[in-house]
Amino acid sequence: MFAAENGLKGDPRLRAISEAIRVVPHFPKPGIMFQDITTLLLDHKAFKHTVDIFVDRYRNMGISVVAGVEARGFMFGPSIALAIGAKFVPLRKPGKLPGTVISEQYVLEYGTDCLEMDVGAVQPGERALVIDDLIATGGTLSAAIRLLERMGAEVIECACVIGLPEVKVMTPAILVMSVYIPSNFSPRRTVNCYF
């Protein structure tokens, strides 16, 4: 769902956040409009607005786990976790975590990748939120949900700062603060990447 559909229509923070995100044409390859959050992070007010909007939404949902997808989910996840009284769980690329991990492969628009999570990071019955900077195909979020659910967590929502209207087209992002609600999510069902 769009942030504007979630009671934030007309909220001036959304405009400030959107304006703080730099769009880099033809990066990393021709036809891609790269949504660069570096400029958002450099604007302390827009960055705070971003975190505050997430905190306002999740503060009273009983979430005990905020899982951040490497690497940009690490930039928003810890601040949100601290503010809502939850722990932060990093979902990492292969070989980055010591100890015993579980893995989930996923398909990207240009290949495959994998996420890993420490097996002791999440306990059965914990309520989880997945955070990333952007959703394009939904593959990464789908893998994150599968990891958490394999350990017995209940994924309440996945939240991203940016959602793309289509993959591989020359259009800018169409939303800020997208939220996917994985009600009755099944590992065999794909995440809808259009909100």
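The contact is made by Arg13, Leu14, Ala16, Ile17 and Ala20 of H1 together with Ala46, His49, Thr50, Asp52, Ile53 and Asp56 of H3, where contact means heavy atoms within 4.5 Å. Sorted by class, this contact of H1 with H3 has six nonpolar, two polar and three charged residues; here Ala, Val, Leu, Ile, Met, Phe, Trp, Tyr, Cys and Pro count as nonpolar, Asp, Glu, Lys and Arg as charged, and the others, Gly among them, as polar.

The model is predicted, so local features need pLDDT of at least 70 and side-chain atom pairs count only at pLDDT 80 or more, while totals for chains, interfaces and linings use all residues. Residues are numbered from 1 along each chain as its sequence is written, and side-chain values use heavy atoms, with hydrogens and water left out. Helices (H or I, at least four residues) and strands (E, at least two) are DSSP runs, numbered from the N terminus.

Two packed helices are described by the angle between their axes and the distance between the axes. For H1 (residues 12–20) and H3, the angle is about 130° and the axes are 9 Å apart, the axes being lines fitted to C-alpha atoms, for helices over the stretch in contact, with angles that run from 0 to 180 degrees between N-to-C directions. H1 and H3 are therefore oblique to each other, since angles under 35 degrees count as roughly parallel, over 145 as roughly antiparallel, 65 to 115 as roughly perpendicular and the rest as oblique.

H3 (residues 44–58) also packs with helix H4 (residues 73–84), at an angle of about 50° and with axes 9 Å apart. That makes H3 oblique to H4, and H3 passes H4 in a right-handed crossing. On the H3 side, Phe47, Thr50, Val51, Phe54, Val55 and Tyr58 meet Met75, Phe76, Ser79, Ile80, Ala83 and Ile84 in H4. By class, this contact has ten nonpolar, two polar and no charged residues.

Some backbone details remain. Most residues other than glycine have a negative phi, and most peptide bonds are trans. His26, however, has a positive phi of about 60° although it is not a glycine, and His26 is placed in the loop between S1 and S2. The peptide bond from Phe27 to Pro28 is cis, with omega near 5°.

Methods
A crossing is left-handed if the near helix is turned anticlockwise from the far one by less than a right angle, and right-handed if clockwise.
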